[in-house]
Amino acid sequence: PGERLLIGLIALGNVFASLSLTPVYDAAHRQAIAAALMAPGDLFALGTMALLDRLNALSLPAVGMVMVARWGLQCLLQFAFLRRFARPLRWTLDRRRLLALLRSGWLIGLASVLYMIPTTASIALIRFHNGPTDAAIYGLAAQLSAYLFVVFTLFIRILQPHIAGPHGMKRSMVVKITACVLGFLVVMGTLAVGAGYVMFHNMLSETYIRSFPLYMLLLLGQACVCVASLLAHYLIALHRENWLTPLYIIALVPFALMLGLAVSRTLEWIALANVTFSVTLLAMTGLGVCVRSATIIDRMSVDRFQQA
């Protein structure tokens, strides 16, 4: 019953999370303000859970209610300070724009769901075949390595308005963005490796030392996913968001084959299958950006030739 109630509360909280005005603040280059407005909700959730734990009252329903309150508070603060720090909302109903948003939005949403399949399917498969101990070992490595991508999504919010802006496709801007992303991955990747080593070898029990090699493999995959996410933003800026879902499906093919044809599904093999998905996704999104960019360049060349 507690798990079912938690799922219901998380579903309710996702309604508030979906109403987040973070993209509006990002478009107005107010990412810092958006982060500051989300901080009270995070601090409230952290403090409330710590208090409940101290009172021995921390349960699944309690965690769900705290998360609903957190997302609701963050949504309320963003709406309250929107006019002052970003821009007021003008409620209009444009049928053509609404249909355009739905056409592109559901494809991007489906691609996001496809991205989550390798991680969720891997943990479920391990839990079913290998048991709860191996699921905990792999799940810890997967969860900690995923924080690289979580931090990268915060970083990409700063770059996204520049990618979609009028200068996003210029060579100088592309070089700057590429340098920023590579520098970010080198610094954060190094920190992640060091922090992971200390955590698995000095802070956790010996049972979880097996998680460290898996963590390193999955961390490599997350780095590839970060670059693929950047390329996906370029595809969206190039008005080819409808390419994302087919590219993600293609990237899932080698992952499914590796799991389906494996004689022995060890934790290392499953982690390698996840990395294969990430590398394939990076290659496919990179190919998509190259093909679309080449098409635009060819059209520009034809237009200049005709004008001459």
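This is a predicted model: local features need pLDDT of at least 70, side-chain atom pairs count only at pLDDT 80 or more; totals for chains, interfaces and linings use all residues.
**Exercise 1. Decide whether Leu-217 is buried, partly exposed or exposed, and state which residues Leu-217 touches beyond its sequence neighbours.**

Solution. 
- Step 1. Leu-217 lies in helix 9, which spans residues 211–237.
- Step 2. Its relative accessible area is 26%. Partly exposed covers values between the buried limit of 20% and the exposed limit of 50%, so Leu-217 is partly exposed.
- Step 3. Not counting residues up to four places away in sequence, the contacts of Leu-217 are Glu-268, Ala-271, Leu-272 and Val-275.
- Step 4. As a check on distance, take the pair Leu-217 and Ala-111: 106 residues separate them in sequence, and their C-alpha atoms are 23 Å apart.

**Exercise 2. Describe how helix 7 and helix 9 pack: give the angle, the axis distance and the relative direction.**

Solution. 
- Step 1. Two packed helices are described by the angle between their axes and the distance between the axes.
- Step 2. For helix 7 (residues 132–164) and helix 9, the angle is about 25 degrees and the axes are 8 Å apart.
- Step 3. Angles under 35 degrees count as roughly parallel, and helix 7 and helix 9 are therefore roughly parallel to each other.
- Step 4. Helix 7 and helix 9 cross in a right-handed sense. The residues of this contact comprise 23 nonpolar and six polar, with no charged.

**Exercise 3. Repeat the analysis for helix 3 and helix 4, and name the residues that meet.**

Solution. 
- Step 1. Helix 3 covers residues 31–54 and helix 4 covers residues 60–80; they pack at about 160 degrees with axes 9 Å apart.
- Step 2. Angles over 145 degrees count as roughly antiparallel, and helix 3 and helix 4 are therefore roughly antiparallel to each other.
- Step 3. Helix 3 passes helix 4 in a right-handed crossing.
- Step 4. On the helix 3 side, the contact includes Ala-34, Leu-37, Met-38, Phe-44 and Leu-52. On the helix 4 side, the residues include Ala-62, Val-66, Arg-70, Leu-73 and Leu-77.
- Step 5. By class, the contact of helix 3 with helix 4 holds 15 nonpolar, four polar and two charged residues.

**Exercise 4. Examine the loop between helix 3 and helix 4 through Asn-56 and Leu-58.**

Solution. 
- Step 1. Asn-56 is in this loop. At 73% relative accessibility, Asn-56 counts as exposed.
- Step 2. Most residues other than glycine have a negative phi. Asn-56, which is not a glycine, has a positive phi near 55 degrees.
- Step 3. Leu-58 sits in the loop between helix 3 and helix 4, and at 40% relative accessibility Leu-58 counts as partly exposed.
- Step 4. Apart from neighbours within four places in sequence, Leu-58 contacts Met-49, Leu-52, Asp-53 and Val-63.
- Step 5. Leu-58 and Thr-48 are ten residues apart along the chain, and 9.5 Å separates their C-alpha atoms.

**Exercise 5. Determine the location, accessibility class and phi of His-239.**

Solution. 
- Step 1. His-239 is found in the loop between helix 9 and helix 10 (244–260).
- Step 2. The relative accessible area of His-239 is 58%, so His-239 is exposed.
- Step 3. His-239 has a positive phi of about 60 degrees although it is not a glycine.

Note on methods:
Residues are numbered from 1 along each chain as its sequence is written. Side-chain values use heavy atoms; hydrogens and water are left out. Axes are lines fitted to C-alpha atoms, for helices over the stretch in contact, and angles run from 0 to 180 degrees between N-to-C directions. Helices (H or I, at least four residues) and strands (E, at least two) are DSSP runs, numbered from the N terminus. Angles under 35 degrees count as roughly parallel, over 145 as roughly antiparallel, 65 to 115 as roughly perpendicular and the rest as oblique. A crossing is left-handed if the near helix is turned anticlockwise from the far one by less than a right angle, and right-handed if clockwise. Contact means heavy atoms within 4.5 Å. Ala, Val, Leu, Ile, Met, Phe, Trp, Tyr, Cys and Pro count as nonpolar, Asp, Glu, Lys and Arg as charged, and the others, Gly among them, as polar. Buried means under 20% relative accessible area, exposed over 50%, partly exposed in between (1.4 Å probe, protein chains only).
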